Amino acid sequence: QVQLVESGGGLVQPGGSLRLSCAASESIFNINAMGWYRQAPGNERELVAVFSSGGSTNYADSVKGRFTISRDVAKNTVYLQMNNLKPEDTAVYYCNYRMLGIWGKGTLVTVSS
């Protein structure tokens, strides 16, 4: 079964940047079915950025203009570039492959001074 492994989280100051990576253990049939979600303490998991059919992208309003999702098909990897981070971006970020309902274990992003 395909496994997803996230990396790149950490502690960053407000206004800083991080790049998250999600590597699949084997070739993904449809990399356009991958995306990023996050869950802050006490909150439900929410969509951050996803690929849609045809390779289009959808972003949560709260991250538009700051986050960018991208992919490297040859590496079976999806990225999330996060710029101008805010304290409210603090959460565990999860990678998802919706065609099989697979989630990674998550990577923690903490935005704090």
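Buried here means under 20% relative accessible area, exposed means over 50%, and partly exposed lies in between (1.4 Å probe, protein chains only). The model in these views is predicted: local features need pLDDT of at least 70 and side-chain atom pairs count only at pLDDT 80 or more, while totals for chains, interfaces and linings use all residues. Residues are numbered from 1 along each chain as its sequence is written, and side-chain values use heavy atoms, with hydrogens and water left out.

**View 1. Arg38, Glu46, Arg66 and Asp89 belong to one salt-bridge network.** Let us start with Arg38, which is buried because its relative accessible area is 6%. A salt bridge is a side-chain nitrogen of Lys or Arg within 4 Å of a carboxyl oxygen of Asp or Glu, and Arg38 makes one with Asp89 (3.0 Å, N to O). This pair links distant parts of the chain, 51 residues apart: Arg38 sits in strand S4 and Asp89 in the loop between strand S8 (77–82) and S9. Strands (E, at least two residues) and helices (H or I, at least four) are DSSP runs, numbered from the N terminus. Asp89 is buried too, with a relative accessible area of 1%. Arg66 also meets Asp89 in a salt bridge (2.7 Å, N to O). Since Arg66 lies in the loop between S6 and strand S7 (67–72) and Asp89 in the loop between S8 and S9, the pair ties together parts that are 23 residues apart in sequence. Elsewhere, the side chains of Lys64 and Asp61 form a salt bridge (3.1 Å, N to O); Asp61 is exposed, at 63% relative accessibility. The search of the whole structure finds four salt bridges.

**View 2. Strand S4 pairs with S9 and with S5.** Two strands pair if DSSP finds at least two bridges between them. S4 and S9 are antiparallel, with six bridges, and S4 and S5 are antiparallel, with four. Tyr37 is a handy landmark: Tyr94 stands opposite in S9, and Leu47 stands opposite in S5. S4 and S5 form a hairpin with six residues between them, and Gly42 in the turn has a positive phi of about 80°. Five of the six residues of S4 are buried, so this strand is largely enclosed by the rest of the structure.

**View 3. A disulfide joins Cys22 to Cys95.** With a disulfide taken as a pair of cysteine sulfur atoms within 2.5 Å, the count comes to one. The S to S distance between Cys22 and Cys95 is 2.0 Å. Cys22 is in strand S3 (residues 18–24) and Cys95 in strand S9, 73 residues apart. The torsion about the S-S bond is about -80°, so the disulfide is left-handed. Cys22 is buried at 0% relative accessible area, and Cys95 is buried at 0% as well.

**View 4. Ala33 lies in the loop between S3 and strand S4 (34–39).** Ala33 is buried, at 3% relative accessibility. Contact means heavy atoms within 4.5 Å; not counting residues up to four places away in sequence, Ala33 touches Asn96, Tyr97, Arg98 and Met99.

**View 5. Ser52 is in the loop between strand S5 (46–51) and strand S6 (57–59).** Ser52 is buried, at 15% relative accessibility. Leaving aside residues up to four places away in sequence, Ser52 touches Asn32, Asn58 and Arg98.
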